[in-house]
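Here is a friendly walk through the structure shown below. Please keep it open while you read.

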Amino acid sequence: MPHGVAHQLIASHLVDGEMTPGEEIALRIDQTLTQDATGTLVMQELEALGLDRVQTEVSVQYVDHNLLQADEKNAEDHAYLRSAARRFGLWYSQPGNGVSHPTHMQRFGKPGKTMIGSDSHTPACGSLGMLAIGVGGLEVAMAITGQPLSIRMPEIWGVELTGELPPWCSAKDVILEMLRRHGTKGGTNRIIEYHGSGLAGLTAMDRHVITNMGAELGATTSVFPADEEVRRFLAGEDREDDFTELLAEEGTEYDVTEHIELSELEPLIAQPSSPANVVPVREVVGTPVGQVVIGSSANPGLRDFAIAARIVDGRQTHTGVSFDINPTSRPILADLTRWGGTTSLIAAGARLHQSGCMGCIGMGQAPAPGTNSLRTFPRNFPGRSGGGPDDRVWLCSPETAAASALRGEITDPRALADELGLEWGDLDLPEPTVIPGMLEEPPPPDEAAQVELVKGPNISGLPEFEPFPDSFEVPVLLAVGDDISTDDISPAGAEALPYRSNIPALARFAFTRIDPDYPAGAEEIKDSTGHAIVGGENYGQGSSREHAAICPRYLGLRVVVAESFARIHWQNLANFGILALEFTGEKDRESVAQGATLAFSDLHDQLRGGDEVVGTVDGTEFTFRHRLSERQVRMVLDGGLIRQLAEQT
């Protein structure tokens, strides 16, 4: 039977299990990626696991999120991360080098390889024919020690692209169209594989835009073939020897199919406050705009900045608009400058920020209250921008963003082009700049063994958690709705993120966007009863940050009952010994309110005996479902993976 790219990648790295959708499989991992917002916990986990030297082919620690140094905390973490990278044998990318995903793609991405990263946008490297999956930090730590990744075998969703994108449309409109059709849960437990004649018009960086935001569909990952376009990309990075052709075999059949005719697309935009709230730009033309931000991992390529520079060249952006540029990396900023685009942007009124995620994770560039902010970013969850729970963040292409910056209102770039006589065509971009020595190579093992970890006072140790109780009775301390994100659970932004290495301090921010009293209420009962949380659909969507599991666990969270869970957060809950249960009845969720009492007896035997458990809510019996494998049941009952491993050694 002919196989596609995703199937070939999985088969070539399969360690255990059957490749049947829904069955647990184990995969050998070639590369890992960590960034500073999640990497400090990973390094602490490597310490706890007693690692001597990385066992992967390539592991890289990037510093690209927490770049603002308003006090000493972020600088402390950067020093710790560099020392840990040197000690354990990881490459290190210092602040200012660039966003992890495109930088990794440029310097380390290899067709045919597997990679996991403690960042949900790790699938961006699927643009090169890699199997790149976002996971929790603890799973990355395990991979660095040489352990395989265990996941449930996804369905393969074949998306055929045909035709060519029309003028003033770009790759961002392709992924926004997927979100318009399928929402934030459409890709759950699926790998999206793009194929078809339409690939010929998409560069490797265009494909990066699409695979990056596949995370917003809830997909396990997204992949493109490694074809001649990938060869051209790697040759431009002086890495053509890393190219291996990887194509879908003729006659490949997919578990699920989809077709997009590129020529029929038009400029699209995601309205506040979900990446799936997508409409044509023409339907919201004239909406006032106070901020426009271009950059981030979702639109990282030189072309994305250059098209914006071409649109605003020789003109002034609207005086009521803050026009912000987040360069993706030092090489891309150098190329943009050589081409002349940096001058065009600054002359038009742009504010040039340092290379990094920045506003995407709320690290600066927060919008004013009630102000519409157009961004080329991947997410617009409430409060993620740092602008408060009532922020109004829109997601769009660089074309739409730049056109709107000129007019001070949402503008269809096609209409602006007609009005100003702008031409659509080849931007004649320069060959990529390669900066030798930009990333710090790990020292040889003998030297690495002598490196001492640098730990400032804001870096705490990992909390120790007890085994999971067999019977317990807990209050439902919080009841929330659908699509609760990890930003809601453990906020990002300039105020909270500097405490990412200090779990007791970071826990004080848990759920405060929803209930400011949650941390204090949880702290009061964490050593007596502990507590439960009840949620709706797609609980834990968004970022892979495991802080969203470990902080509530530190505050005594024992169980989360929801209608459904986002994949990465569901796994993170299990990793730290929190039981994730799902309602089985259609209206069961409506019967469980905040303040209710949730009770279980003989839970160990129930979990070992099948996928359903019985408990009571205020004395009324309910049946719940879990999706844990036998391996995961043992892990939860042991109190989480780290405690389980410690007990085994």
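The points that follow go from the ground rules to sheets, a helix, backbone details and rings.

1. Ground rules. This is a predicted model, in which local features need pLDDT of at least 70, side-chain atom pairs count only at pLDDT 80 or more, and totals for chains, interfaces and linings use all residues. Residues are numbered from 1 along each chain as its sequence is written, and side-chain values use heavy atoms, with hydrogens and water left out.

2. Five strands form an open sheet in the order 5-4-3-6-7, with parallel pairing. Strand 5 (91-93) and strand 7 (131-134) are at the edges with a single partner strand each, so one side of each has no neighbour in the sheet. From one strand to the next the twist averages 15 degrees. Strands here are DSSP runs of E with at least two residues, helices are runs of H or I with at least four, and both are numbered from the N terminus. Two strands pair if DSSP finds at least two bridges between them.

3. Strand 3 and strand 6 run parallel and are joined by three bridges, and Gln31 stands opposite Met115 in strand 6. Helix 2 (residues 36-49) lies across strand 3 and strand 4, at about 115 degrees to strand 3. Such angles run from 0 to 180 degrees between N-to-C directions, with axes being lines fitted to C-alpha atoms, for helices over the stretch in contact.

4. How many residues of helix 4 (residues 100-107) are buried? Seven of its eight residues are, where buried means under 20% relative accessible area, exposed over 50% and partly exposed in between, using a 1.4 Å probe and protein chains only. They are Ser100, His101, Pro102, Thr103, His104, Met105 and Gln106. Their cover includes strand 3 (31-35), strand 4 (58-62), strand 6 (114-117), helix 7 (204-212), helix 8 and helix 10 (330-339), with contact meaning heavy atoms within 4.5 Å.

5. Strand 18 and its partners. In strand 18 (residues 372-375), Asn372 and Leu374 point one way while Ser373 and Arg375 point the other way, and all are buried. Strand 18 pairs in the parallel sense with strand 15 (residues 291-295) over three bridges, and also with strand 19 (residues 392-396) over four bridges.

6. Backbone details. Pro272 and Ser273 are joined by a cis peptide bond, with omega about -5 degrees, and Ser273 lies in the loop between strand 13 (268-270) and strand 14 (278-280). Asp238 is not a glycine, yet has a positive phi of about 60 degrees; its place is the loop between helix 8 (228-236) and strand 12 (256-261). Asn538, also not a glycine, has a positive phi of about 60 degrees and is found in the loop between strand 21 (531-534) and helix 19 (547-554). Is each buried or exposed? Asp238 counts as exposed because its relative accessibility is 66%, and Asn538 counts as buried because its value is 5%.

7. Rings. The count of aromatic pairs comes to 11, where rings of Phe, Tyr and Trp (its six-membered ring) pair if their centres lie within 6.5 Å, with planes under 30 degrees apart called stacked, over 60 edge-to-face and the rest tilted. Ring pairs link Phe468, Phe472, Phe583, Phe600, Phe622 and Phe624 into a cluster. The charged end of Lys526 sits over the ring of Tyr554, 3.8 Å from its centre; the rule asks for NZ of Lys or CZ of Arg within 6 Å of the ring centre and within 35 degrees of the ring normal.
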